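The sequence and the coordinates are shown first, and the description follows.

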Amino acid sequence: MRILTDVNIDWLRWRWHALAFSWLIILSGVWLMATRGVPLGIDFSGGTLVVVEFEQPVTEEAVRNALAAVPGEKAVQRYGEAGQNQILIRLPQGTETEQGFALEQQATAIVDNLQKANVGKFEVLSTDIVGPVIGEDLQQKGIYATIGSLFGIMCYIAFRFRPSFGVGAMVASIHDVLITLSFLVFAGYELSLNVVAAILTLVGYGVNDQIVIFDRIRENLRTNRREPMNVVVNKGVNQTLPRTVITAGTTALSVLSLYLFGGEVLEPFAFAMLVGIITSTYSTVFIASAIAVLLSDRKRSAAPAAATTQAATPARPGRKSGRARAS
Amino acid sequence: MNKNLRWRLIAIVAVIALAIWSFYPPASKVNLGLDLKGGVHMVMRVQTDAALRIETETTVERLRETLAKANVQYSKLEAADPTEFVVEGIQNDQAFRQAAAEVDTVFSRSSGAGSYTYAMRPNLAVQLREETVTQALQTIERRVNDLGVAEPVVARHGAANQILVQLPGVTDVARAKEIIRNTALLELKIVEMGPFPTEEAALQAYNNALPPDLVVVPGSEDVAATGGGTPSTVYYAVRRVPPITGRDLRTARPSLDQNNLPAVSFSLNQDGARRFGQLTEQNINRQLAIILDNRVFSAPVIQSRITDEGQITGSFTQQEAQDLSLVLRSGALPAPMDFLEERTVGPSLGADSIRAGVTAAVGGLLLVMLFILFYYRLAGLNALVSIVTNLLILLGMMAYLGATMTLPGFAGFILTIGIGVDSNVLIFERIKEELAAGRPVKAAINAGFDRVWWTIVDTHVASLIAAAFLFQFGTGPIRGFATSLAIGLAANVFTAIFVSRTIFELVLTRRRVATLSI
């Protein structure tokens, strides 16, 4: 069985439409983040999160009433599967400093008040207490790690292919990250450690598609010396289309399983991955290759000898002699 | 079957067998993270400033004694800061300098005459902070070991002065925390005056001008004095610097006091016993305050000279007496702790998470399996073998390396399935293209594998770069994810290329194939 063979779509023709579409999503995401603030989970914002399981069913209202005496803006919601009687209680970072053991007070207050109130027997399933020092530390690390991996991958691609491909890959990856963030905000998920992990993974995953297509483009550049860059790029995207679609499909399938069965903790992670996989496929086709063409064209007109491209493109073993320019 | 192919087959079977042997049975060979096993993860910060303050105050007290002996007059001598103290209104500068010469090794003196500010030398301050954290770490280690937790982690963490403690499988988290962070600073001091009913009363006894070498410490009223009522808080004036501390302890154990109530008995080491003997001998009929973490537990009257034995009484439960002996034995923390982060997972939640993770991984595998078999037919079987081999190697390596499996680690397994499929799809699609271009089966397969080899290397390196940053960024659970992802990537290069190709070639040598089911 073969799908999507002999397609001949002029992908580059649609690049401006695609760009406008992407900007629309990113800008609305950014607008939402700007007006509502980036929703940070307690990993980054600090605070207290307690999950309790009651022996008998309880209403969120009853739990909320039981906690009336606990200061702070409490979030009380159902957790886990239906019928498990699990309730998640979250308190934002209080005014306590981290001097001594002050941070613990919120969690202790929650448990004490639940015990005093008449809401039935319960068991504390998990407690997360994150202070501002750790929260800030994780925020910083998350930002550094994202920038670091974007930059590291760009360097690798620039080294293995052409600098223009490296830039194309990085712009496409940033695009993926922003789109995924926007969808997370649309869907009301918070930014947690797991979500940042998903985003970092996406940076690596998205580049896979790009590498496959870039590789094909490079191969085509070598065999079709006379064709202009945009034709070669279109051809590369079309030739790899079956692979691109099937891979995205199967990876999405496996991540879908994670989304459905992986439990509450991994749900935001799986959601981010799902959105990211679709986005990265789209951005590879429309964004990365378009940027590669754009940058290559400029380079060629600025330096007709194209010596720079030649020099900056490292050879793979045994292939040096076959290297050609696309002019 | 040619010789080369046979060796390759043997290698593959050996790798699979080794992998299975490494992780079987998984329940005992695969390390589970705190999020799956249950337990507590804590990050604390050592208040190193407090340790520096103690050092500065001790120096001030010693200097006060030296100056008294040398008969040097001054108007003020006190610690102003954790690392600074000031001396003002010195009468005889020459004599002062001579007497204070010893201090100069640790503190640098400001210029001038008559009044000085002493600041701790920065390199020594750094060293002292470092030592304090190391000591705290060692103390916590001893306590955790005494608690009997299996495979605990006690380590320096992230930024300066932070300590990470992980106790897997601990169910009584509250007690574990209490034991770990109890400063357990034991001090034995002679009561200068007291007890007073309020702090104000204590200060008034000194006309509201407490001498700088004294402090007022709260404590419980003696149980005997209340006649059975609830003891109220009373206050004692004691010297700032203790003659005997927890460092002079040889051991501590739970015992019973004269009323048969739980208490803690301690004995002092040789040096401590000698000083304690001297102290008690000189202060017969005065009260000895037994102070734990700045609270007077009891203040018995010294009847006679005591050398090496003592008892801490109070209203302890059996458990409390036991825990207190444990923390006293392990030594005091050199400084109090600040609590920065805690993540506690109950065992039942961990079991739920394992179930969810396994369901998701198996579900993902099944979904992908169905699709691949449907789309690639017989060649899909080949892809399946390589993906399953990949997962086996991943499990085996995790067990062999002692890597920790976490809930996000299951996501790593699922992505490994995705990546495995990706590589196979890449190869198969290329083979199809070559077949469509009219190449014979064998040539098409060879071309397919050869052409995509570097593509696969590039994609895997790029993903490994991301995984490396992920590992750097993450805490426990995320690290588990990064680890499983990285191992899965490495194993995939082997399975997608080597295993898959070997299977193709195996089929081709068995029979002459004109068309490929792909």
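Two residues are said to be in contact if their C-beta atoms, placed from the backbone, lie within 7 Å. Helices (H or I, at least four residues) and strands (E, at least two) are DSSP runs, numbered from the N terminus. The model is predicted: local features need pLDDT of at least 70 and side-chain atom pairs count only at pLDDT 80 or more, while totals for chains, interfaces and linings use all residues. Residues are numbered from 1 along each chain as its sequence is written, and chains are lettered from A and ligands numbered from 1 in the order in which they are written.

**Chain A and its helix pairs**

Chain A contains 11 helices and four strands. Of its 327 residues, 48% are buried; a residue is buried if 20 or more other C-beta atoms lie within 10 Å of its own, exposed if 12 or fewer, and partly exposed in between. Among contacts in chain A between residues at least 6 apart in sequence, those that join residues at least 24 apart account for 76%.

Axes are lines fitted to C-alpha atoms, for helices over the stretch in contact, and angles run from 0 to 180 degrees between N-to-C directions.

| Helix pair | Axes come within | Crossing angle |
|---|---|---|
| α5(A) and α6(A) | 7 Å | roughly 150 degrees |
| α7(A) and α8(A) | 8 Å | roughly 130 degrees |
| α12(B) and α13(B) | 7 Å | roughly 5 degrees |

Angles under 35 degrees count as roughly parallel, over 145 as roughly antiparallel, 65 to 115 as roughly perpendicular and the rest as oblique. Helices α5(A) and α6(A) are therefore roughly antiparallel to each other. Their crossing is right-handed; a crossing is left-handed if the near helix is turned anticlockwise from the far one by less than a right angle, and right-handed if clockwise. On the α5(A) side, the residues that meet α6(A) are A:Leu150, A:Ile153, A:Met154, A:Cys155, A:Ile157 and A:Ala158. Their partners in α6(A) include A:Pro163, A:Phe165, A:Val167 and A:Met170. This contact of α5(A) with α6(A) comprises 12 nonpolar, two polar and no charged residues. In this classification Ala, Val, Leu, Ile, Met, Phe, Trp, Tyr, Cys and Pro count as nonpolar, Asp, Glu, Lys and Arg as charged, and the others, Gly among them, as polar.

The contact of α7(A) with α8(A) has six nonpolar, three polar and two charged residues.

**Where the chains meet**

The contact between the chains takes 60 residues from chain A and 61 residues from chain B. On the side of chain A that touches chain B, the elements giving two or more residues are β4, α5, α7 and α9 of chain A. The largest share of that side, 13 residues, comes from α7(A). By class, the side of chain A that touches chain B has 29 nonpolar, 20 polar and 11 charged residues.

**The core and chain B**

A nonpolar core is a set of buried Ala, Val, Leu, Ile, Met, Phe, Trp, Tyr and Cys residues joined through C-beta atoms within 7 Å. The largest such core has 230 residues, and those with the most contacts inside it are A:Ile153, A:Leu200, B:Ile414 and B:Leu470. Helix α12 (residues 347-401) of chain B gives the most to this core, with 19 residues. Leaving aside neighbours within four places in sequence, B:Ile414 is in contact with residues of both chains, including A:Val255, A:Leu258, B:Ala360 and B:Gly364.

Crossing at roughly 5 degrees, α12(B) is roughly parallel to α13(B). Their contact has 18 nonpolar, eight polar and no charged residues.

**Backbone features of chain B**

Most residues other than glycine have a negative phi, and most peptide bonds are trans. The peptide bond from B:Tyr24 to B:Pro25 is cis, with omega near -5 degrees, and B:Pro25 lies in the loop between α1 and α2 of chain B. B:Asn285 has a positive phi of about 75 degrees and is exposed, with 8 other C-beta atoms within 10 Å.
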